[in-house]
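Hi,

Here is the structure I promised to pass on. Please open it first, then read my notes below.

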Amino acid sequence: MTVSTPSPLTSDADWWRSAVVYQVYVRSFADSNGDGIGDLQGIRERLPYLRDLGVDALWLTPFYTSPMVDGGYDVADYRDVDPMFGTLGDFEAMITDAHALGVRIIVDIVPNHTSSRHPWFQAALAAAPGSPERARYLFAEGNGEHGEQPPNDWESIFGGPAWTRVPDGQWYLHLFDPAQPDLNWRHPEVRAEFEDVLRFWLDRGVDGFRIDVAHGMIKAEGLPDVGFNSMTTGRRQSELLGKGRLPYFDQDEVHDIYRAWRPILDSYPGGRMAVAEAWAETPQRLARYIGPDELHQAFSFDFLDATWSADSFRKVIDTALAESTIVGAPTTWVLSNHDRQRHVTRYGDGEVGLRRARAAALLMLALPGCAYLYQGEELGLPEVLDLPDELRQDPAFLRTGESRDGCRVPIPWSGDLAPYGFGPAGSELSWLPAPATWRALSVAAQAGVPGSTLELYRAALRIRHTHPALAGTDGITWLESDPGLLAFRRDTGGAVLTCVVNTGDAPVLIDGYGQPLVASEALTERDGGHLLPVDAAVWFERR
Ligand code: NOJ
Ligand code: CA
């Protein structure tokens, strides 16, 4: 079942249009030296696994020098590797090996904010109000008689005010943790610095960037109040995220930044790309981030947010495909990432959640465009809901009680004892503990086992790469079907692949779409057709 011939990197500049990208949360993927923390050398050692899984590219979460207040999304040096993860030499060895195996590398770039330990912010703190050092960040005077109130009502995404006061009385903006001060993107030095950081990594061969908070760099002039905040409504301002326009997100001027970045990407050979983590009020506004003079992709989180129902999926798929047709870019599908509860758990957890997650994988992988997988979803990992509070590291946890640690538990690779081969033989350390139930979910426990989630992903990815019906980038054709059923067709050059998903509450007899190629649950033959169980999906082919 595994693809074992190395495929050298193709020179196709459009590779990203239909790629399968695997997100590596570096800290939790594989630990090469036994300190309980995943690292670059660990990724390097596991590249053959990823190649055999059948992914085209990896997206690596930040591995740069960082105090790790927000899992590395607080960068102190954009041009170096944190010792926790290895060295620049390890990065170079890893990317060289990845490319030799035909796997591309996308790195995260965090331009909205730096770490408070970044030399620029340290210099800003040491300098006086109004100094050039402070101008690279967003410092402002407070309100109230003595400036004792924050400059406006903006709230941090992690809870609490988005402003922190420094000893001389000024306040600085941090849309996330106080240890993540927001940069002033109207400052030319900030722009020049990040253009140089892009080149630094492009020169080291990276194939693309995932842009963190891509909608956040420009704040409305005058820093106006939102008017909706915890004080006035008792509800957090972040509830408006993706629903209304906030003065600190999705401002028109942010597009100038990407229009400046695109020629830099295009000046390198091989199709270097960028994907935006952007939140916008409507799919139409999200689509403005993509196109030939801006970014290549923007995550479609509506797909991730769809509930387990045929109607909900149909609606978000139609909207996303329509938007992408208008801008001439592929859609970008994602079911899980390091910020969201894993989809096994979102879909109901336990056996039901797993069945639905497996079916959703077949749905996503049959769609045209680019699919992003989150490490461990190919093993059917659920969210770990019962981590002891004292082990949780998400900075949002203390302020909001919400924590993203449960989707960041280290990957189980093999063996009978936790952390299940996450580290070198005999190592017992892992920065978050894996539950005992994960012994049965490890890579070794699933590899070669018919019907396992890992083998389902391997089979689906192999078909996705080789089946002529999936070769095109055209849209899909919905087929008439019972309520609760989602059925669509992809065709190219005479080959037809039909994907059917049963979100209803009874098995459905399916007939007339040809031979089943892969199914998320066993099918039973009946009356010349196939009975598709509930919470299951299947691909049929006709050539
Ligand atoms: C989005 C990242 O995915 C998340 O993990 C991080 O906390 C915020 N951006 C802030 O950088
Ligand atoms: Ca390590």
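Confidence first. In the chain, it is lowest in helix H7 (residues 230–233), at a mean of 88, and highest in strand E1 (residues 20–24), at 99. The score is pLDDT, the predictor's confidence in each residue, from 0 to 100. Helices (H or I, at least four residues) and strands (E, at least two) are DSSP runs, numbered from the N terminus. Over residues 1–7 the pLDDT is below 50. Where pLDDT is low, the predicted coordinates should not be read in detail. The chain mean is 95, and 98% of its residues reach 70 or more.

Two notes on reading this. This is a predicted model, where local features need pLDDT of at least 70, side-chain atom pairs count only at pLDDT 80 or more, and totals for chains, interfaces and linings use all residues. Residues are numbered from 1 along each chain as its sequence is written, chains are lettered from A and ligands numbered from 1 in the order in which they are written, and side-chain values use heavy atoms, with hydrogens and water left out.

Now the calcium ion (ligand 2). Its donors (N, O and S atoms within 2.8 Å of the metal, 3.2 Å for Na, K and Ca; water is not among the atoms, so sites may look incomplete) come from Asp31 (OD), Asn33 (OD1), Asp35 (OD), Ile37 (O) and Asp39 (OD), at 2.2 to 2.4 Å. Along the chain they follow the spacing D-x1-N-x1-D-x1-I-x1-D.

Last, ligand 1. Oxygen atoms of ligand 1 lie 2.6 Å from a polar side-chain atom of Asp212 and 2.8 Å from one of His338.

Best wishes

Definitions and conventions:
Contact means heavy atoms within 4.5 Å. A polar contact is a pair of N or O atoms within 3.5 Å; within protein, one must be able to donate a hydrogen and the other to accept it, and residues adjacent in sequence count only if both atoms are side-chain atoms.
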